[in-house]
Amino acid sequence: MKIKNNKIDIKKDIFYGLTHMLVAFTSIVVVASIIGLPLPNIFLFCGIGTLIFKFITKNKIPLVMGISGGYIASMLFVKETYGVEYMLGGVIVAGIIYLIFGLIMIKWQDKVFKYLPKYILNMAIILIGLSLLPIAKDMIGNNAVLALISIIVVLVCNRSKNQIIKMISIPLAIVISTIINLFFNGIDLSVSNQTQTLQFIMPKINLASIFTVGIVAIAILGELLGDVENTSNCIKKDLFKEVGIGRISMGNGISSIVSAFGGSAPATSYSENTGFLLMSGYHNPNAQIWTSLFYILLAFVTPLISLLQLIPQAAFGGVAIYLYSLITINALKELTKNIDLEKDTNKTTVVVIMLATFFMNIVIGNVTVSSIAVAMLFGIILNIIFNKINRKEII
């Protein structure tokens, strides 16, 4: 891959690449375990997917690709009813939907974005942050003390004037928490029930693949837009203009299709990694190329997966709480830049309705629809209605 406009600092790139892998590790393992796919397949195609995404977006975005948890319910339903091959077929359909959306955005992005003001995108990021916090809470479980130690270590390191200490805050928090857990609780050697070998199954497509798994991609697109806006805010670049949603969506789509043929799940950007970008301040996209290589290494050196699973989830959960909180707070700051919550009554109404909708459970058939996507849909519709009312009042 030819790299332009990115200074090469191999030591930093490798370090932050490894840290990005650690930040994403637990979420990937948890989602893969629920779906029941082999971890070597997942890590191999997270790595390949990240490289594909980097190539399509010209290595301009410091994003790591992982596997989306938004498809869990629909994937499990198809897997249990029709088999793994049809579940993977649904992943292909999801990837095709991303590709179609990408092609639409390449041609008509400016027209589409007339209906997607910044405050709605920032509100979507807040909702993403709120949806992730309970996941981090579940990771912590009953081991709140260990998670608190993890958070304290990160906070103390980030207040240091020494840049090296700031750099190693997350790995150090994880190591210290693991050592403390080892001292008090020992080692749980039954770390994984997953088969640690690569397994390949040829995907098949039926109506359930299309309308149960594939259709979820339409809802997940709202979260994709929120993640891009979040990363833009973090690195202080307008990725909508500099890269374009078309390329970004196509990167997700092709990664997902390749993943399906490799026995893996739909590819997605990981919000916790964006939180790490915000915390570390290191935005060079070369680092995530190293992350992809570490993913691929894990797939073939499977004892490393078991070794990393010895790290208690609570240690990762504490770090995740910190990162998800950063995402939410940063988005809230950006939101208040775009609207005055006291004076802009129409926009405030949209924000309140989006927040209320987010806490509703909407089920269509056997599929729980993404509450973030539904909230965004309500926000967009209300924003259009209020804009039309305002124009009539002016006339």
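I take helices (H or I, at least four residues) and strands (E, at least two) as DSSP runs, numbered from the N terminus. I am working with a predicted model, where local features need pLDDT of at least 70, side-chain atom pairs count only at pLDDT 80 or more, and totals for chains, interfaces and linings use all residues. My numbering runs from 1 along each chain as its sequence is written, and side-chain values use heavy atoms, with hydrogens and water left out.

**Entry 1: serine 177.** I found serine 177 in helix H8, which covers residues 169–185. Is serine 177 buried or exposed? I call a residue buried under 20% relative accessible area, exposed over 50% and partly exposed in between (1.4 Å probe, protein chains only). Serine 177 has a relative accessible area of 0%, so I log it as buried. For contact I use heavy atoms within 4.5 Å. Setting aside residues up to four places away in sequence, serine 177 touches Leu146, Ile149, Ser150 and Ala315.

**Entry 2: alanine 208.** Next I went to helix H9 (residues 207–214), where alanine 208 sits. Its relative accessibility is 10%, so alanine 208 counts as buried too. Which residues does alanine 208 touch, not counting those up to four places away in sequence? I get Val78, Tyr82 and Val213. Valine 78 is 130 residues from alanine 208 along the chain, yet their C-alpha atoms are separated by 6.6 Å.

**Entry 3: the core.** I define a nonpolar core as a set of buried Ala, Val, Leu, Ile, Met, Phe, Trp, Tyr and Cys residues joined through side-chain atoms within 4.5 Å. The largest one has 113 residues, and Ile28, Phe43, Ile67, Tyr71, Ile170 and Ile245 touch the most other members. Helix H5 (residues 118–140) gives this core its largest share, 12 residues. I then checked isoleucine 28: beyond its neighbours within four places in sequence, its contacts are Ile42, Phe43, Cys46, Gly66, Ile67, Tyr270 and Tyr295.

**Entry 4: the whole chain.** I count 18 helices and four strands in the protein chain. Its C-alpha trace spans about 70 × 55 × 45 Å along the principal axes. I took the radius of gyration over C-alpha atoms, with a globule rule of 2.2 Å times the number of residues to the power 0.38. For 395 residues a compact globule would come near 21 Å, and the chain's 21 Å agrees. I also note that 55% of the 395 residues count as buried. Of the contacts between residues at least 6 apart in sequence, 85% join residues at least 24 apart.
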